[in-house]
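Please look over the sequence and the model before reading on.

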Amino acid sequence: VTRPDVGIGRAAERAERIDARFKGLAPSTFGLSLDELAAARPRLFDGAFTPPIMVLREEALRHNIETMARYARASGVEHAPHGKTTLAPRIFDLQLEAGAWGLSVGTASQVVLCRAFGFSRVFLANELVDPAAIEWILRELRADPGFEFLAYLDSLDGVRLFADRLPTARPRGGLRGLGLLVEMGPTGGRTGCRSVEEAVEVGRAAAAAGLPVAGVAGYEGGLGSVIDAAVLGRVRAFLGLMRDAAEALLAGGLVGDPGRPILSAGGSVFFDEVVAAFHAPLRGGTTPRTIIRPGAYVSHDAGHYEGLSPFSRPEGIAGFTLQPALEAWGQLVSVPEAGLAIATVGRRDVSFDLGMPIPLRLRRPATGEWQDASGMTVTGLNDQHAFVRVPEDVDARVGDWIAFGISHPCTAFDKWHLLPVVDADHHVVDVVRTYF
Ligand SMILES: Cc1ncc(COP(=O)(O)O)c(C=O)c1O
């Protein structure tokens, strides 16, 4: 669906012409549309691209999407992949085709982006307190009976800001399609009510203002970046607090659809804990409708998430794996000292907040010869350069192309507006456009 009133849409995206705005694309591609570039199937190394360039590995991307969809189905939960990871409607389409319930997003602008592409189920996993954005979303609900929207509440002020817009923008047929989740947050954490009492107070105010309370949400992902008993204890206690809040809201008659209260949590590290914690019926016998929100899983990585995902940790979950789908390609521009090579991949191109890029393999353009680069390490990044330690057994030369795995997809995708999707032989099979 193309929505000219909100900017873009699929047809406009695919017809967009490549030009100098898109780093990594060589001038030989300028003037081609995204679809024309994909149809030409250029190989990464043959002149259509100039490093640095970030690519997505098609097989890994499809594998990850299929894996999480299968896991959600097998676990009896719904999945609203967090779209802020990629901000790529092309990837959202694949996630929804695989069975995702809808999309999570983090900001009002990301809701607008989803609507510009006609996505009908959007879950803003955040508080919405901007009156203009609230009013716009209420109008969208009114204009499109197929639009479903969820967002958080964690304060009386938030309830008031939302409720204040109702008289001017009340959707036809009441507030059909709207669900508000009382957010819980761990003490010392980010947003969210810190106690069941606060949650009930917020829920009561929302219900009194005529706002539909649909359940409880939270985010456990910030509770630890190692997997040990202390972290798992904190995660389980927090998920238990969310259940307690849902039970208290139900007991108070504050949930709009008490037969199907929503419980939502789960990033890409503890979604298995969320599935386990929300599986059992709530007090009173209601089985919650669980929505998990992993986003980073879609590309996975070769660092942070590779170490933490339940699908890639050593103990694992039988039958489920993820593959790193993002690769940053640079070129060695200098080998100034023995044991040191400098590559054209910098902080502008790759994530560095949760670990340095990980050298994978080298390719010599003149011969097409490959070398394993896993013995190399990145010791530092400048804006446009990587410092790469080269062991003695690796023959690294100026001009060689080098592929890096990345650590942390969210801060890697946002550095690219166009990412070629490549097959196992590095031929382009698609082009992904992001909207950061
Ligand atoms: C509220 C919320 N939900 C879900 C996610 C997705 O988690 P992940 O990036 O680990 O996939 C995030 C990530 O920051 C988040 O903030």
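Strands here are DSSP runs of type E with at least two residues, numbered from the N terminus. The model is a predicted one, and in it Asp430 has its place in strand 18, which covers residues 428-433. Because its relative accessible area is 16%, and buried means under 20%, Asp430 counts as buried. The side chain of Asp430 is joined to that of Arg90 by a polar contact of 2.9 Å. Leaving aside neighbours within four places in sequence, Asp430 is in contact with Arg14, Ala38, Arg90, Leu419, Pro420 and Val421. One of these, Pro420, is 10 residues away along the chain, and its C-alpha atom is separated from that of Asp430 by 6.0 Å.

When residues up to four places away in sequence are not counted, Glu327 touches Ile53, Met54, Val55, Arg57, Leu360, Arg361, Ala403 and Phe404.

From there the reader may turn to the loop between strand 16 (401-405) and helix 13 (410-413), where Ser407 lies. Ser407 counts as buried because its relative accessibility is 1%. Its side chain reaches the backbone oxygen of Leu354 at 2.5 Å, and Leu354 is also among the residues that Ser407 touches beyond four places in sequence, a list that includes Asp301, Gly303, His304, Ser351, Gly355, Met356 and Ile358.

How are the strands around strand 15 arranged? Strand 15, residues 386-389, runs antiparallel to strand 11 (residues 340-343), and 4 bridges join the two; within this pairing, Ala341 stands opposite Val388. Strand 14, residues 377-381, is likewise antiparallel to strand 15 and joined to it by 4 bridges, with Gly380 standing opposite Phe387. Strand 14 and strand 15 form a hairpin, with 4 residues between them.

Helix 5 spans residues 108-116, and its buried residues are Gln110, Val111, Leu113, Cys114, Arg115 and Ala116. An α-helix has 3.6 residues a turn, so residues three or four places apart point the same way. The buried residues of helix 5 pack against helix 4 (89-97), strand 3 (103-105), strand 4 (121-127), helix 6 (131-143) and strand 5 (148-153). Just after helix 5 comes Gly118, which takes a positive phi of about 75°.

How many cavities of 30 Å³ or more are counted? The count comes to 1 cavity, and about 40 Å³ of space lies in the largest cavity. Its lining is made up of Ile65, Met68, Ala69, His79, Pro81, Gln95, Ala98, Ala100 and Tyr297. Helix 3, residues 58-75, gives the most to this lining, with 3 residues. By residue type, the lining of the largest cavity divides into 7 nonpolar and 2 polar residues, with no charged ones.

Terms used. Residues numbered from 1 in each chain as written. Predicted model: local features only at pLDDT ≥ 70, side-chain atom pairs only at ≥ 80, totals over all residues. Heavy atoms only, no water. Pairing = 2+ DSSP bridges. Buried < 20%, exposed > 50% of the residue type's maximum accessible area, 1.4 Å probe, protein only. Polar contact = N/O pair within 3.5 Å; in protein donor to acceptor, adjacent residues only side chain to side chain. Contact = heavy atoms within 4.5 Å. 1 Å grid on protein atoms, 1.4 Å probe; cavity = no way out; pocket = protein on both sides within 12 Å on 5 of 7 lines; lining within 4 Å. Points joined across faces, edges and corners; volume = space filled by probe spheres on them. Nonpolar A, V, L, I, M, F, W, Y, C, P; charged D, E, K, R; others polar.
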